[in-house]
Amino acid sequence: MASHVYILGTADTKSDELLFLRGVLADRGISGRIVDVSTGGMSPDCVDIAARVVADCHPEGAAAVFCGERGRAIAAMSEALRRFLPARDDLAGVVAIGGSGGAAVVAPAMQALPIGLPKILVSTVASGNVAPYVGDVDLSMVYSVVDLMGLNRISRSILTNAANAMAGMTRHRPSPDADRHPAVGITMFGVTTPCVTEAVRVLGESFESLVFHATGTGGRSMERLVDQGVIRGVLDITTTEFCDFVAGGIFACRAERLEAIARTGVPYVGSCGGLDMVNFGTMESVPDHYRDRVFVRHNPFITLMRTTADECREMGRLIGERLNRCDGPVRFYYPENGFSELDRPGQPFYDPEADAAFRDALLATLRQTARRRVVSMPCALNDPAFARAMATDFKTLFKETQPHAQN
């Protein structure tokens with residue numbers, strides 16, 4: 001089947017811009033299909049896929065979209081598109097345009113597409129907080145500078161750039177021959193880098209190490225790739241996202257953290273990297289009720305706060321509960337001498353009692369079996385011996401899960 005770049009937008013107000021994008025793509029030898037996501041019920045003749053076709057994908061039918069109430073209609077069209085777009089089997093890429101409303105319609109559907117499929121969103125909202133639009137996927141956003149209301153010297157330039165970028169992405173896809181080794185997901189923070197570096201070295205060329213910055217989004221991206229079958233095992237060295245989840249920091253995981261591990265049963269080796277710290281922005285952004293805590297200024301934009309014994313205890317319980325749902329092989333390594341570069345003797349976050357509170361709660365919660373165990377070592381997390389033990393154990397667990405391991 002021929003592949004097409006889908007061009008998303010509200011054709012009732014932005015048909016000139018959509019046609020312009022399709023024309024630039026055609027000049028580059030790329031087939032584009034205009035998909036109307038307007039909510040008025042009637043699509044202009046220029047579109048390739050009418051709004052009603054998309055709206056029919058809503059669980060309650062097209063009437064839920066064409067309801068006459070703008071807010072409800074936008075939300076319903078977004079849901080319909082989120083179901084319509086991933087089901088297409090002729091997608092080479094997606095380029096979308098829109099203001100705040102249009103971006104709200106298309107972004108969730110673009111987030112539902114596989115990582116690696118080209119995605120570009122041109123919007124007036126791209127100069128602000130783009131996190132809700134990008135989510136945990138490789139969505140590229142381009143600031144339109146001017147509002148998308150007709151073609152002019154600025155909009156033509158921006159749209160041409162977007163179309164050229166999409167043409168380049170679709171023509172020059174990565175070669176699948178490069179993906180010869182199984183991919184392992186690894187979580188990292190700056191303060192756990194020595195541990196991750198050594199673990200990657202031990203894994204060597206037998207694995208492709210995909211390292212994720214543990215900023216909430218990083219953990220979500222990693223687990224998305226686990227669900228997609230791209231990542232076949234996880235070395236979760238840096239579980240620090242649980243700190244922000246418990247204490248209200250800016251890099252929090254969601255409540256479903258570790259659920260992909262449970263769903264898929266991939267080999268999992270975890271540890272306590274960064275469980276000694278909660279992340280906030282500048283010191284002025286720290287909530288008043290935390291002002292008597294121990295802080296480290298990580299950089300001009302990030303302030304770190306030491307976790308308490310109560311917070312560590314809660315994290316031990318949460319992680320233990322989630323790992324209890326995992327039927328695949330699980331090891332959780334506990335470093336007895338500290339969770340990060342800041343949690344060791346002489347450093348500001350060194351607090352063995354708080355660390356031990358995590359350990360005790362984890363041991364009290366986790367139902368240990370032959371396949372699910374806690375391993376305690378008299379090391380700091382960043383000691384090379386600790387990293388080597390985790391990576392070596394992961395290699396063993398991974399090998400045991402392979403079909404040929406029983407032969």
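The model is predicted, with local features needing pLDDT of at least 70 and side-chain atom pairs counting only at pLDDT 80 or more, while totals for chains, interfaces and linings use all residues. Residues are numbered from 1 along each chain as its sequence is written, and side-chain values use heavy atoms, with hydrogens and water left out.

Q: Why is H7 called oblique to H13?
A: Helix H7 (residues 193–203) and helix H13 (residues 384–401) pack at an angle of about 40°, with their axes 8 Å apart. Angles under 35 degrees count as roughly parallel, over 145 as roughly antiparallel, 65 to 115 as roughly perpendicular and the rest as oblique, which makes H7 oblique to H13.

Q: What makes up the contact of H7 with H13, by class?
A: Contact means heavy atoms within 4.5 Å, and among the residues making the contact are Cys195 and Glu198 of H7 and Pro384 and Phe394 of H13. By class, the contact has nine nonpolar, one polar and four charged residues, where Ala, Val, Leu, Ile, Met, Phe, Trp, Tyr, Cys and Pro count as nonpolar, Asp, Glu, Lys and Arg as charged, and the others, Gly among them, as polar.

Q: How do you know that E6 pairs with E7?
A: Two strands pair if DSSP finds at least two bridges between them, and six bridges join strand E6 (residues 183–188) to E7, so the two are paired.

Q: Why do E7 and E14 stand at the edges?
A: The open sheet of six strands has the order E7-E6-E8-E9-E13-E14; strand E7 (208–213) and strand E14 (372–377) each have a single partner strand, so one side of each is left without a neighbour in the sheet.

Notes
Axes fitted to C-alpha atoms, helices over the stretch in contact; angles between N-to-C directions. Helix = DSSP H or I, 4+ residues; strand = E, 2+ residues; numbered from the N terminus.
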